[in-house]
Amino acid sequence: PVVVGRGGVGARRGSVRLLRPLSPQAAMTKLGQWLCGLVLLGSAWAALALAPPGLRLPPPCRQALLPLPVYLLVAFGCYSLATVGYRLATFNDCEEAAAELQEHISAARADLSRRGLRF
Amino acid sequence: MAAGGADKFSVLLPTYNERENLPLVVWLLARTFRESGNNFEIIIIDDGSPDGTQEIAEQLEKIYGSDKILLRPRARKLGLGTAYIHGMKHATGNFIVIMDADLSHHPKFIPEFIRKQKEGNFDIVSGTRYKGNGGVYGWDLKRKLISRGANFLTQVLLRPGASDLTGSFRLYRKEVLQKLMEKCVSKGYVFQMEMIVRARQLGYTIGEVPISFVDRVYGESKLGGNEIVSFLKGLLTLFATT
């Protein structure tokens, strides 16, 4: 079993363990957080990519930096495929649970008939 | 704490055409609670099933007693969210268990939920099919792929802090569920997701217990194109509004 706890804005109990410090993030929507993140990273990348000749990074750095967004997208795509594939492959099949359920159903039907249930 | 100091567990069972499964679920619930020594009640919210579910529920009430089986039917199919609200009005327990009445959820996990809840003093304990030795039976590869794919998308977009968001086998503190029901507006799978997302927003703690999900013993399952589309719409709505 996995233990997950969350504290957040307005956490009421003394027993709550704060796994994330309270921050403005707590009040922003997920879409808002993504947009903020994209704007921040996007403008940083654009500033470095579109810098005038005097302020540019050395050529090797620039060469790696310019296609970075595409690299990251592809990397995320690969990660997604790998993760979903792995989780699909390790998705447990509960054979015993199904067999046990059948036994329980038989026992239930027998006992309920004894108690007068008309199915 | 319920009156008398001990915990009492109210199980909400919304039903629609569950004449075959209902007596079996109730029998398993009664046996599980008796063996674990917990005080319980089962609230059956039938939405005017045409197959005689209500009639068999009445027989069960006679067998187990009207203090253990509460019948709170409604005239027609009105949806899961309102069924929970309706059921909670009559619940006298301090904890609420929600689960499916079609034997895909086995009551044997409820004592594990209770143990987990005490262990971490959690507000919510959620059954997960995706962690530990949780799993499913009776799903083909396509169904499993859709499930894992949808869950991955949900984790990326919502970062919810729980591994199984569309699961509906959970234990809630009664006041927590009441608070969440006030805030949740979605339907279907998305409704279960929204509960966890809102719970996180409100600072409630969530524990997880691996469960096995045995797909429908009687009757037919439903996951068509419509379900997938409405899931995606609901997911994007939650993404944009929470």
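Visitor: Is A:Asp111 buried or exposed?
Guide: This is a predicted model, where local features need pLDDT of at least 70, side-chain atom pairs count only at pLDDT 80 or more, and totals for chains, interfaces and linings use all residues. Residues are numbered from 1 along each chain as its sequence is written, chains are lettered from A and ligands numbered from 1 in the order written, and side-chain values use heavy atoms, without hydrogens or water. Buried means under 20% relative accessible area, exposed over 50% and partly exposed in between (1.4 Å probe, protein chains only). With a relative accessible area of 14%, A:Asp111 is buried.

Visitor: Which residue forms a salt bridge with A:Asp111 at 2.9 Å?
Guide: A salt bridge is a side-chain nitrogen of Lys or Arg within 4 Å of a carboxyl oxygen of Asp or Glu. Helices (H or I, at least four residues) and strands (E, at least two) are DSSP runs, numbered from the N terminus. With closest N and O atoms 2.9 Å apart, the partner of A:Asp111 is A:Arg114.

Visitor: How many residues apart in sequence are the parts tied together by B:Lys118 and B:Asp7?
Guide: B:Lys118 and B:Asp7 form a salt bridge, with 3.0 Å between the closest N and O atoms. B:Lys118 lies in helix H4 of chain B and B:Asp7 in the segment before strand S1 of chain B, so the parts are apart in sequence by 111 residues.

Visitor: What is the relative accessible area of B:Glu194?
Guide: The side chain of B:Glu194 meets that of B:Arg198 in a salt bridge. B:Glu194 is buried, its relative accessible area being 0%.
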